[in-house]
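Hi,

Here is the structure I promised to pass on.

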Amino acid sequence: MDPSAPITQDVMTFPRKEMPSDKINLVGLTRDALRQTLIDNGTPEKQAKMRAGQIWQWIYQWGVRDFAEMTNLAKDYRAMLAEKFEVRVPEVVSKQVSEDGTRKYLVRIDGGHEVEVVYIPEEGRGTLCVSSQVGCTLTCSFCHTGTQKLVRNLTAGEIVGQVMMARDDLNEWPERGAPKDETRLLSNIVLMGMGEPLYNFENVRDAMKIVMDAEGIQLGRRRITLSTSGVVPEIHRTAQEIGCLLAVSFHATTDETRDVLVPINKKWNIEKLLEALREYPKATNSERITFEYVMLKDVNDTDEDAHRLVKLLDGIPAKVNLIPFNEWPGAPYQRSSNNRIRAFATILMQAGYASPIRTPRGEDIMAACGQLKSATERARKSRKEILKEAGQAI
């Protein structure tokens with residue numbers, strides 16, 4: 001495959017239905033697109049850059065949704081904005097809070113589709129796990145999200161809108177005129193929710209540029225981690241056009257096993273993936289690539305697997321996140337024992353690789369890694385299972 005060729009989905013997506021509104025949603029527009037949209041709707045060209053900057057700050061720095069509150073704009077101009085535009089983020093359908101403080105949101109986007117977003121509070125930081133697609137194309141056999149077919153890519157507005165929605169819920173928009181508070185409840189973003197971010201590259205890139213903007217949400221690039229299952233031709237682009245940290249859903253040390261666990265491996269195998277990672281321009285000892293490795297009993301958790309992984313990582317600034325498998329109803333795998341996981345970690349650590357064992361979070365609300373799936377899809381699957389058990393044709 002030509003490495004410069006554009007990446008396209010392997011499946012057709014349903015056409016996106018807009019919400020019943022004739023107003024233009026400004027959330028998710030790049031700075032240039034916002035400026036041009038204002039010009040197209042009557043803002044004098046000489047004023048457009050300044051106006052775009054003012055509106056940008058109101059939306060992303062202060063979290064303001066009502067144009068009437070944008071007080072450094074003339075009253076008649078605010079009225080024009082309210083007539084033609086809106087500031088709309090995904091709608092929260094439900095929120096669940098785990099015993100460990102993890103919050104899982106089910107949010108509705110245009111067309112009535114739903115995605116899940118997870119906020120994980122930790123000591124000194126708070127991480128938001130953001131979705132990039134409705135469903136997923138990748139059918140990774142250990143992942144609950146992978147059992148839901150891809151419906152469509154999320155827009156840049158729907159991706160950055162998840163961050164804005166979470167800041168609403170955490171009541172974390174700064175107060176105008178108050179001293180700047182450097183503590184952040186939402187301090188980190190991981191693109192590890194529903195979907196493969198690199199199959200939706202442009203929208204993910206534009207959303208993250210808004211998140212990183214110095215006059216907006218203001219999260220540094222090292223506060224953002226993009227996780228890919230291995231879309232090799234887009235990995236280099238991620239460094240050049242987003243510049244965030246990179247994580248890879250690795251999960252196996254042989255192509256035979258990875259073909260089953262992460263079927264994209266049939267397109268770009270372990271050798272091709274590792275070659276791209278060795279050339280990743282952002283990979284340094286201070287910005288290591290994270291290898292995500294879910295621990296599956298009797299599948300990928302042997303000492304031999306650990307030793308193979310050490311050899312595969314040679315020459316890549318890397319750390320390995322060992323993830324105890326988060327079981328879900330009907331899952332074809334079991335979690336490796338704690339002793340087996342610790343033995344695997346010891347081999348990696350003795351070879352010089354940091355290998356923290358991830359503490360499962362939000363399991364009681366199905367918010368843990370690999371468990372995300374929209375409520376409507378869960379209900380649909382449950383109904384099918386019930387009919388099957390009753391001996392009825394589906």
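Below is what turned up, starting with the salt bridges.

First, some ground rules: this is a predicted model, so local features need pLDDT of at least 70 and side-chain atom pairs count only at pLDDT 80 or more, while totals for chains, interfaces and linings use all residues. Residues are numbered from 1 along each chain as its sequence is written, and side-chain values use heavy atoms, with hydrogens and water left out.

A search of the whole structure gives 22 salt bridges (a side-chain nitrogen of Lys or Arg within 4 Å of a carboxyl oxygen of Asp or Glu). Take Arg 31 and Asp 213, whose closest N and O atoms are 3.1 Å apart. This pair links distant parts of the chain, 182 residues apart: Arg 31 sits in helix α1 (residues 31-40), Asp 213 in the loop between α5 (201-212) and β10 (224-228). Helices (H or I, at least four residues) and strands (E, at least two) are DSSP runs, numbered from the N terminus. Arg 31 is partly exposed at 31% relative accessible area, whereas Asp 213 is buried at 15%. The cut-offs there are under 20% for buried, over 50% for exposed and partly exposed in between (1.4 Å probe, protein chains only).

Arg 88 and Asp 110 also meet in a salt bridge, 2.8 Å from N to O. Both are in loops: Arg 88 between β2 (85-86) and β3 (91-97), Asp 110 between β4 (103-108) and β5 (114-122). Arg 88 counts as partly exposed, at 23% relative accessibility, and Asp 110 is buried at 7%.

Then there is Arg 108 with Glu 91, at 3.6 Å from N to O. That one joins strand β4 (Arg 108) to strand β3 (Glu 91), 17 residues apart. Arg 108 is partly exposed at 30%, as is Glu 91 at 42%. Elsewhere, shared partners tie Glu 202, Arg 205, Asp 206, Glu 234, Arg 237 and Glu 241 into one salt-bridge network.

On to the rings. There are four aromatic pairs (Phe, Tyr and Trp rings, the latter by its six-membered ring, with centres within 6.5 Å; planes under 30 degrees apart are stacked, over 60 edge-to-face, the rest tilted). One of them is Phe 325 with Tyr 333, edge-to-face at 6.3 Å centre to centre and 90° between the planes. Phe 325 is buried at 1% relative accessibility, and Tyr 333 counts as buried too, at 14%.

Cheers
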